[in-house]
Amino acid sequence: MLGISALVAASATACAVIKWLGVAYLLWLGVQALIGGGALAAPAAPQASTSSPNVAQRFFRQGVLTNALNPKVMLFFLAFLPQFVDPRQGAVMGQLALMGLSFTVITALAYSALAWSAGSVGARLARQPRIGRWLTRATGIVFIAMAARLALAERR
């Protein structure tokens, strides 16, 4: 990302190309959602269902790895947590570890609730393909609106 950021900062042409590629991609996603008109049913995995322990473990490992290597999370911990450390209260590393662990537990609980809710809603939508079609169309309209907004935005 640093390379793309430097390129965009240095070249108005590069910025315009990236902008119009983004507009085209958003339009393509929007049109596909509108003409596809499919329900919000996820395609079935060809060899194993997502409820099998191996697939669930693989998804979990992938999520942990993605978050562990996410530079935004690292920057958050580096920039945000040290503000709340008080050296007079004891070991600095202990305080950081406790805050990091607290953040991890709270995030895991929140994301678990979100995943459970999404699974419940997804199961209901799978039984109501008409609602899924309308949601897909609404998503298409949102993507097209985002493309229009990006196309009309001026570079600052």
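This report walks through a predicted model of a protein, from its overall build to a few single residues.

**The overall build**

Let's start with the secondary structure: the protein has six helices and zero strands. Read from the N terminus on, its elements follow the order α-α-α-α-α-α. Of the 156 residues in the protein, 13% are buried.

**A look at helix α2**

Helix α2 covers residues 12-36, which is 25 residues. From its first C-alpha to its last, α2 reaches 36 Å, close to the 36 Å expected at 1.5 Å a residue. Which residues of α2 are buried? They are A14, C15, V23, L26, G30 and A33.

The C-alpha atoms of L26 and M146 are separated by 7.0 Å, although the two residues are 120 residues apart along the chain. M146 is found in helix α6, and with a relative accessibility of 40% it counts as partly exposed.

| Residue | Relative accessible area | Class |
|---|---|---|
| T136 | 12% | buried |
| M146 | 40% | partly exposed |
| R88 | 75% | exposed |

T136 sits in helix α6, which runs over residues 129-152. Why does T136 count as buried? Its relative accessible area is 12%, and buried means under 20%, so T136 belongs to that class. The side chain of T136 reaches the backbone oxygen of G132 at 2.8 Å.

R88 takes part in a salt bridge with D86, and their closest N and O atoms are 3.1 Å apart. The count of salt bridges in the model comes to one. In general, side chains of opposite charge can pair when their charged atoms come close.

**The largest pocket**

The largest pocket has a volume of about 540 Å³. Its lining is made of 16 residues, and those nearest its centre are G63, V64, N67, T107 and Y111. The elements that give two or more residues to this lining are α3 (53-68), α4 (71-79) and α5 (92-127). Which element gives the largest share of the lining? That is α3, with seven residues. Sorted by class, the lining of the largest pocket holds 12 nonpolar, four polar and no charged residues.

Key: Residues are numbered from 1 along each chain as its sequence is written. This is a predicted model: local features need pLDDT of at least 70, side-chain atom pairs count only at pLDDT 80 or more; totals for chains, interfaces and linings use all residues. Side-chain values use heavy atoms; hydrogens and water are left out. A salt bridge is a side-chain nitrogen of Lys or Arg within 4 Å of a carboxyl oxygen of Asp or Glu. Buried means under 20% relative accessible area, exposed over 50%, partly exposed in between (1.4 Å probe, protein chains only). Helices (H or I, at least four residues) and strands (E, at least two) are DSSP runs, numbered from the N terminus. The expected span of a helix is 1.5 Å times one less than its number of residues. A polar contact is a pair of N or O atoms within 3.5 Å; within protein, one must be able to donate a hydrogen and the other to accept it, and residues adjacent in sequence count only if both atoms are side-chain atoms. On a 1 Å grid over the protein atoms alone, a cavity is a set of points where a 1.4 Å probe fits but cannot get out, and a pocket is an open set with protein on both sides within 12 Å along at least five of seven lines; lining residues have an atom within 4 Å of a point. Grid points are joined across faces, edges and corners, and a volume is the space filled by probe spheres set on the points. Ala, Val, Leu, Ile, Met, Phe, Trp, Tyr, Cys and Pro count as nonpolar, Asp, Glu, Lys and Arg as charged, and the others, Gly among them, as polar.
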